[in-house]
Amino acid sequence: MVATIKELSEKQDLLSPGHRLCAGCGASIVVRMVLKSSKKPVVVASATGCLEVSTTIYPFTAWRTPFIHSAFENASATISGVIAAYDAMKKKGKIKEDINFVCFGGDGSTFDIGLQSLSGAFERGTNFVYVCYDNEAYMNTGIQRSGATPMGAWTTTSEVGKAQAGKRVHRKNMTEIMAAHGGYAAQASPSHWRDLVMKAEKAFEYDGPAFLNVLAPCPRGWRIPTDQTVEFARQAVESKYWPLYEVMEGEHKITYKPKKEIAVAEWLSPQGRFKHLLKDANQPVMTEIQTQIDKEWNRLIKMSGETT
Amino acid sequence: MSTVKAITGDAAVAEAMRSIEPDVVGVYPITPQTIIVEAYAEYVARGEVQTEFIPAESEHSAISICVGAAAAGARTMTCTSSQGLALMWEVLPIASGMRLPIVMFDVNRAISAPINIHCDHSDTMGARDTGWIQIYSENAQEAYDNFIQAVRIAEHPDVQLPTMVMMDGFVISHAIQRVEVLDDAVVKKFVGERKADYPLLDMDNPVTWGSFDGLGGWFMEFKKDQMQAIENAKRVSLEVAKDYAKISGREYGLFESYKMDDAEYAVIVINSTAGTAKTVVDTLRDRGVKAGLIKIRMYRPFPASEIVEALKNCKAVAVMDRVPGYVDIGGPLFEDVQVACYQEGVNVPLVNYIYGLGGRDILTSHIESVYSDLEKIAKTGKVATPVTYLGIKE
């Protein structure tokens, strides 16, 4: 039974206010929702990134629960070590309580530099939840393209000019890559909080590795107003740019179906990072993005055994 | 209390690890270290140890697993060689900066390219300034003894630093030697249980590990504390050596002085070449040449003043580096000895030999030629060639 919003609001935030993430940052919303979904005490690991540098400025910390960071690409290995220590000490009777383990990484540390470490931890059956707060670029270093950056997006390393209209290639399908490891994998959005909490609870309760890919709009990098974070996350879902679905040990299930057809252009157009796509010359890119979205949605419909 | 066994260097290290029985071992296979991992995997499969054994997907993850486990409060170990240590490099200063007493065994092997699986010291010499304690071993017995002592040194409250122990690849790791192996119970009593400060898994007292520290922070103070801690390792290692002598009958210093009391010509070496050099010293002594030898055991921290004290009365000293320095002023050990002599105001003629790269054989005739060079240098008072490649093909 998914927690009610009243129950969630009564739980203490383990990521406390006073951290130095930007106004309107999607990552902090995602982290707080996920942590509230844990019914046991939780130990947090984080990759290097916005979340880590903004919440642990020595001698302060925003974390009300044990937290560890060691480097950019090794968060999954680091938490593997923590869990191994937990298992060893539990065997010896030095630790009694049941603990949940969660790892947060941005899309750079998940899709790109940390993919090997993440895949290794999943293959070993490590019992933890990995949450990617996907803001679709290297935001901490100043908006560079990652394997999660969508086609057509402007970043400081996928520039816009006469020769190209932002990123030339599509993002990789990270949720499917993690689903292929055989555990629990899901895609979620902070705009659909009930769906996100349901998936986070499921991930924590799953006996084995679980992966959550959560869209986390970045006002700074997306060039959107800071009070529109959740709204842009919602439009991503409604336009089917960001389908909400889950894969439990190979079984696909779409968890939310948008009621009406919305073209992806409606979602892209107000974002500064896509503004060049409004030019006629870049119409083929816009069309290609829409084609890819339709293809992915149809694939998910088929995978989940549905008809429409 | 102990058993004499005929085993390889790798097997000796595996024996030590089994007796220590760390909480967590994170590893990845690489020649010539792999035998240690394989042996430990067998202990795990047979239920002889309760260790959480994690065969990682890379050395980078293996050492990262150790970081997580050590921060959580567990006694943690890993083993590697060569490219494996190179891949770990990013995490090495993280382990020392977070003051995690991880203990690693590195079986020395050359760094690519050309790819080469044989011994030289370019792997660990490349990691000499990562804040890890470095202890080198001449043979399988020393590898065994050093590895056990490393646990106590690393975890000592005045140190709290990761420690790597080395031996030469193949010539020691794969050669069967006589090793006195202590009983498991004796080793377990010697190493005791790890008492971690601020373990991550203390849920009642949550702590943040691996903080961000920028301008206006405490970075320099952390580093200064680390410097003090690694210096403390000299004193602590000698205290631990005394305790270890009580259970083993073998006591180790920061380095070994072989026939140095009245030596006029000294050679300084690291690892297995010391064995070859000792036979040369004996031969030369029979001929009336006052030859001596210093074998480095603890290289980080560097026992600078102690080494200068040992060689200050020599007429000429040769420093042998098993690593290409890529600078014409010589290899890393040579640089350290030179600086140490300069700081102490000792002006002994010093000469450097680069040898044994990629497993190139080092023969007694090579070392004899070094001593004969030293005699010439002593006569003329001049070092004509400061850096020589020994045993190179013409």
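Tutor: Residues are numbered from 1 along each chain as its sequence is written, and chains are lettered from A, with ligands numbered from 1, in the order in which they are written. In this predicted model, local features need pLDDT of at least 70 and side-chain atom pairs count only at pLDDT 80 or more, while totals for chains, interfaces and linings use all residues; side-chain values use heavy atoms, with hydrogens and water left out.

Student: How do you know how much area the two chains bury?

Tutor: Buried area is the accessible area (1.4 Å probe) that two parts lose on being put together, summed over both. For chain B and chain A this comes to about 3,100 Å², with 63% of it on carbon and sulfur atoms. On the chain B side, L201(B), M203(B) and F212(B) lose the most area to chain A, together 21% of what that side buries.

Student: Why is the pair D23(B) and K92(A) called a salt bridge?

Tutor: A salt bridge needs a side-chain nitrogen of Lys or Arg within 4 Å of a carboxyl oxygen of Asp or Glu. The N to O distance for D23(B) and K92(A) is 2.6 Å, so the pair meets the rule of within 4 Å. The rule finds four salt bridges across this interface.

Student: What makes K188(B) and E21(B) a link between separate parts of chain B?

Tutor: Their closest N and O atoms are 3.3 Å apart, and they form a salt bridge. K188(B) lies in helix α8 (residues 184-191) and E21(B) in the loop between α1 (9-20) and β2, so the pair ties together parts that are 167 residues apart in sequence. Helices (H or I, at least four residues) and strands (E, at least two) are DSSP runs, numbered from the N terminus.

Student: Is K188(B) buried, exposed or partly exposed, and how do you know?

Tutor: Buried means under 20% relative accessible area, exposed over 50%, and partly exposed in between (1.4 Å probe, protein chains only). K188(B) has 31%, so K188(B) is partly exposed.

Student: What makes D168(B) and N271(B) a polar contact?

Tutor: A polar contact is a pair of N or O atoms within 3.5 Å; within protein, one must be able to donate a hydrogen and the other to accept it, and residues adjacent in sequence count only if both atoms are side-chain atoms. The side chains of D168(B) and N271(B) make such a contact at 2.8 Å.

Student: How do you know that β2 of chain A and β9(B) pair?

Tutor: Two strands pair if DSSP finds at least two bridges between them. Strand β2 (residues 67-69) of chain A and β9(B) have two bridges, in the parallel sense. There, F67(A) stands opposite T208(B).

Student: Why is β9 of chain B said to stand at an edge?

Tutor: Nine strands form an open sheet with mixed pairing, in the order β8(A)-β7(A)-β5(A)-β6(A)-β4(A)-β3(A)-β1(A)-β2(A)-β9(B). β9 of chain B and β8 (251-254) of chain A each have a single partner strand, so one side of each is left without a neighbour in the sheet.
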